[in-house]
Structure formats: structure tokens, C-alpha cells
Amino acid sequence: MKIVHTFSLSAFAFLLITGCGTSKMISTNAANIDKIPLKISPIKEADLMRWSHLDLLKDTIPGMSVDKAYAELLKNKKGVKVIVGVVDSGVDIDHQDLKGQRG
């Protein structure tokens with residue numbers, strides 16, 4: 001019985017590892033990170049509003065490279081519709097922390 005259990009776990013692990021697809025990993029060499037020029041001049045308002053989408057190497061703004069991820073990692077991928085439900089109890093407009101606040 002112990003052999004069957006061990007075999008089952010091994011088979012499951014094998015299927016889990018081989019069944020998952022891999023994506024090309026893109027990274028910056030950590031040794032060169034201090035040599036990358038940063039944008040010292042004033043940042044445009046449009047770039048400031050979406051800094052997280054920008055890329056350190058391409059835009060010289062240390063963002064999360066969201067635009068690069070869409071262009072390189074998610075190119076030619078089709079989205080899947082997801083339905084999200086939000087359960088909310090509402091707002092207590094008479095709460096003391098909200099006194100004096102305008103809506």
C-alpha cells in the first residue's frame with residue numbers, strides 16, 4: 001500500500017510539473033543595475049500617472065514594466081472572461097471618521 005501511495009504522489013508531481021507551460025523569463029542583470037541611467041529631468045505628467053507601466057531600461061523610469069509584459073509575454077494571448085462578485089456591507093455615513101468629509 002505504501003508503494004502505491006508513493007507511486008501516486010510521484011505520478012501526480014510529474015503530471016503537475018510537465019503539464020504546466022513555461023514562459024520566457026526576461027530579467028535585468030543585477031550586476032549592471034547601478035549603471036542604468038535614471039531619468040533625472042522632470043518626469044512628464046503623463047508618465048507620472050502611469051509610472052508603474054514603464055520600464056527602467058526602455059523609459060528610464062523604474063516601474064513594473066507592465067507595458068513590456070503585455071508586449072512580450074502576453075502577445076497573441078486571448079483573454080478569458082472572469083465574473084467577479086463583491087460583497088459589501090455599505091458605508092456608515094454617520095461614522096465619526098467621516099464627519100466633515102464631503103462626498
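The score pLDDT is the predictor's confidence in each residue, on a scale from 0 to 100. Averaged over the protein, pLDDT is 77. A score of at least 70 is reached by 64% of the residues. Where pLDDT is low, the predicted coordinates should not be read in detail.

This is a predicted model, in which local features need pLDDT of at least 70 and side-chain atom pairs count only at pLDDT 80 or more, while totals for chains, interfaces and linings use all residues. Residues are numbered from 1 along each chain as its sequence is written, and side-chain values use heavy atoms, with hydrogens and water left out.

## Overall build

The protein has four helices and zero strands. From the N terminus on, the order of elements is α-α-α-α. Helices (H or I, at least four residues) and strands (E, at least two) are DSSP runs, numbered from the N terminus.

Of the 103 residues, 8% count as buried. Buried means under 20% relative accessible area, exposed means over 50%, and partly exposed lies in between (1.4 Å probe, protein chains only). The accessible surface comes to about 10,000 Å². Carbon and sulfur atoms hold 62% of that surface. These areas come from the Shrake-Rupley method with a 1.4 Å probe; for residues, only the protein chains shown count as cover.

Contact means heavy atoms within 4.5 Å. Among contacts between residues at least 6 apart in sequence, 14% join residues at least 24 apart.

## The salt bridge

The structure holds one salt bridge. Asp 67 and Arg 50 form it through their side chains, at 2.9 Å from N to O. Asp 67 lies in helix H4 and Arg 50 in the loop between H2 and H3, so the pair ties together parts that are 17 residues apart in sequence. The criterion is a side-chain nitrogen of Lys or Arg within 4 Å of a carboxyl oxygen of Asp or Glu. Side chains of opposite charge can pair when their charged atoms come close.

Both partners are partly exposed: Asp 67 has 29% relative accessibility, and Arg 50 has 32%.

Asp 55 is buried yet has no salt bridge. Its nearest side chain of opposite charge is Lys 68, 4.1 Å away. For charge, Lys and Arg count as positive and Asp and Glu as negative; His and the chain ends are not counted.

The side chain of Asp 55 does make a polar contact with that of Ser 65, at 2.4 Å. A polar contact is a pair of N or O atoms within 3.5 Å; within protein, one must be able to donate a hydrogen and the other to accept it, and residues adjacent in sequence count only if both atoms are side-chain atoms. Leaving out residues up to four places away in sequence, Asp 55 touches Thr 60, Ile 61, Ser 65 and Lys 68.

## Loop against loop

Ser 52 is found in the loop between helix H2 (45-49) and helix H3 (56-59). Ser 52 is buried, with a relative accessible area of 17%. Beyond four places in sequence, Ser 52 touches Gly 63, Met 64, Ser 65 and Val 66.

Gly 63 lies in the loop between H3 and H4. Gly 63 is partly exposed, at 27% relative accessibility. The C-alpha atoms of Gly 63 and Trp 51 are 5.5 Å apart, though twelve residues separate them along the chain.

## Positive phi angles

Two non-glycine residues deserve a look at the backbone. Thr 60, in the loop between H3 and H4, has a positive phi near 55°. Asn 76, in the segment after H4, has a positive phi of about 65°. Asn 76 is exposed, at 77% relative accessibility.
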